[in-house]
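Dear colleague,

I am passing on to you the structure discussed for our files. Please find it below, followed by an account of what was found in it.

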Amino acid sequence: MNFSYSFFTLNMNSPFITHKATHLKVPHVLINIFLNKIIGYGQTVILPYYFYNLDEMNNIFKSLEKLKIFFSKIQKEKIKDLNEVLNRIRIIKSINLNIYSAVEMALLDLFSKMNQKYLHEFLSIEKREELITSMTLGIKSIDLLKIDLDKYKNWPVLKIKMSNNLKDNYYKVKFIFENYKGKIRIDANGSWSISEAKDMFKFLENYNIEFIEQPLAADSFRNLAELKQSTKIPIILDEDCKSIKDIKKISNYADGINIQAYKSGGILNLIEMFKEAKRFNLKTMIGCQAESSLGISALSHIASLADFIDLDGHLDFIDDKYYGVSIENGKITLPENYGIGVKINERQL
Ligand SMILES: [Mg+2]
């Protein structure tokens, strides 16, 4: 088994703005693992609001170098079992969680290709007849919103990012409901205080909102309990749900969780989180970061496990390095090749 890694940055056609950050360029780490002429691809993204200090960046480089040494050591061994490799990687000290998730993705891609299976088949996930993703609209001016509502008028569901500018939120919600016929989800990214959240919920009760994601800052459970009691609109937690350990507690305060590979440490952990959420009767949404078609395609293979799908993170890039899932008016079509199924976009090399 041979291992290599590289860094690349993908550029968006326009800035994606949320309460937490503005993205225009997204740095990625790509991992390739080779065995018997088959290549497994894995990736993760490096977002500035997670890795804001040099220590974290240093740990990313160190983790990659440790993995390089590990793979060169096992090069001559005949490893046939995915779990054996993963178990041995898990005991390497201080491997960055996102780097681990990228390596796991590459190994899953490799082993499912070796077994001539699509990733969802390899993971024994029954594929749902139809996979529909929302399109997420960042915080933007009404003029840009107008353009987007026209562009996405045939999508069945939109997710709208909101800020703590309530007047602006009210205006936009009215405008959206006047100009768009599909379902609406709201993501506040923890930007509201409890009193702002109460005002927003009261206003949004007048509209048919599918759910509201992370209305309060993470770890505001006392206020969340109060908010939950005062509304019928389902509440989904994202920033509060960092790992499988958070799910039990969340089930006392909210209706569902947003699960992402980026924060949960890989696709296998993600699948465990879906099972745990089901055990506690929580709805689930599979979410993503702004990431290449490789990441989105990998997540699409397990999207059948989720109640709600939010896998649009690759659509704004102008220089994606891969071809993978295709999405038309929200409908996800998985790639036709084994494994995750992506091909390298030669024009972007
Ligand atoms: Mg969110």
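How many residues does the largest nonpolar core have, and which of them have the most contacts inside it? In this predicted model, the largest nonpolar core has 91 residues. Those with the most contacts inside this core are Ala 106, Ile 257, Leu 299 and Ala 303. Helix α3 gives the most to the core, namely ten residues. Both domain 1 (2–116) and domain 2 (135–348) contribute to the core, with at least three residues drawn from each. As general background, nonpolar side chains in soluble globular proteins tend to be buried together.

One of the core residues named above, Ala 106, may be considered individually. Apart from its neighbours within four places in sequence, Ala 106 is in contact with Ile 31, Asn 32, Ile 33, Gly 40, Tyr 41 and Gly 42.

I turn next to the arrangement of the domains. The domain assignment divides the protein chain into domain 1 (2–116) and domain 2 (135–348). Taken over C-alpha atoms, the centres of the two domains are separated by 24 Å. Contacts between them involve 30 residues of domain 1 and 30 residues of domain 2.

On the side of domain 1 that touches domain 2, at least two residues come from each of β1 (2–17), β2 (22–35), β3 (38–45) and α3 (97–114). Here α3 again gives the most, with ten residues.

How values were computed:
Residues are numbered from 1 along each chain as its sequence is written. This is a predicted model: local features need pLDDT of at least 70, side-chain atom pairs count only at pLDDT 80 or more; totals for chains, interfaces and linings use all residues. Domain bounds come from an automatic or database domain assignment. Two residues are in contact if their C-beta atoms, placed from the backbone, lie within 7 Å. Helices (H or I, at least four residues) and strands (E, at least two) are DSSP runs, numbered from the N terminus. A nonpolar core is a set of buried Ala, Val, Leu, Ile, Met, Phe, Trp, Tyr and Cys residues joined through C-beta atoms within 7 Å. A residue is buried if 20 or more other C-beta atoms lie within 10 Å of its own, exposed if 12 or fewer, and partly exposed in between; C-beta atoms are placed from the backbone.
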